[in-house]
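Please look over the sequence and the structure shown below, and then follow the report from a single residue to the nonpolar cores.

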Amino acid sequence: MRVRVYSAHRQRHRVVFGLFVIVVGLFALLDNLHLFDARLVQPYWPLIFVAVGALKLRQARSAGGYLIGGALVAVGAALTLHNLGILQFRVRDWWPVLLILGGTVLITRGLRPGADGDEAHRPGMRFGGRDGDARHERFEHGSRIDTSAVLSGSVLKNDTQDFRGGEVNAVMGGVQIDLRQASIRTEAVLHIFAMWGGIQIRVPEDWSIVVTGTPVLGGIEDKTVPPMNATKRLVVEGVVIMGGVEIRN
């Protein structure tokens, strides 16, 4: 059964992150008991970014995903070398790199073949139907979606009748995905990555949701009402770090 496979995959992620938390707690305890000097490992804390970036690169399916993963690895490595005194720079001088990264993600998405061919920007549409919240939405009809938000927001609506999944990234930004007019033949896999950001996904009422994502100091909420006959399945997998993902139908 695929559901069992997804459950085992999620459990492995939980075990890995659980072991990491235990190791951090153990170092802290030994330091408090004066049995170990935690300052010896303090310079290596940015390796967390390297680990997260490597995980993102492993799961990436698009140029934006590879770019975000590579950026996290580069930031973690640079900060580690800085803490060890090998590389000298002032962190406050490099914050515009975040803006450059965000702009690069936008350009990459804009130059993607077919990025505008099947989209229509319709003014006056309201995401979620709330009055006073009019926005220009991006409409797509392809079987896969690929959207990223870095220090920004993204609203995407897709109405394909053969949805197969895709990739959604949110780094210090927010992404809203509206799939209520879309359909799945049997199963689709959506890869998500949220770091200090949020992702909201809205799906049709006849879709069943399988969540295999791993939250770290964050959360993934499946607020959908399961259908009576689960013939269409959306698998949501990935990592959420100090952020949130919400799925509704």
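In which strand is Gln-200 found? Gln-200 lies in strand β7, which spans residues 198-202, where strands are DSSP runs of E with at least two residues, numbered from the N terminus. The model is a predicted one, in which local features need pLDDT of at least 70 and side-chain atom pairs count only at pLDDT 80 or more, while totals for chains, interfaces and linings use all residues. Residues are numbered from 1 along each chain as its sequence is written, and side-chain values use heavy atoms, with hydrogens and water left out.

Gln-200 has a relative accessible area of 15% and is therefore buried (under 20% relative accessible area, with a 1.4 Å probe and protein chains only). Its side chain is joined to that of Glu-246 by a polar contact of 3.3 Å (a pair of N or O atoms within 3.5 Å, one able to donate a hydrogen and the other to accept it; residues adjacent in sequence count only if both atoms are side-chain atoms).

A nonpolar core is a set of buried Ala, Val, Leu, Ile, Met, Phe, Trp, Tyr and Cys residues joined through side-chain atoms within 4.5 Å. Two such cores are set out here.

| Core | Size | Residues, among them |
|---|---|---|
| Largest | 27 residues | Ile-192, Ile-199 and Leu-234 |
| Second, separate | 12 residues | Phe-49, Val-150, Val-171 and Phe-193 |

In the largest core, Ile-192, Ile-199 and Leu-234 have the most contacts inside it. Strands that give two or more residues to this core include β6 (187-195), β7 and β11 (232-241), and β6 provides the largest share, four residues.

How values were computed: Buried means under 20% relative accessible area, exposed over 50%, partly exposed in between (1.4 Å probe, protein chains only).
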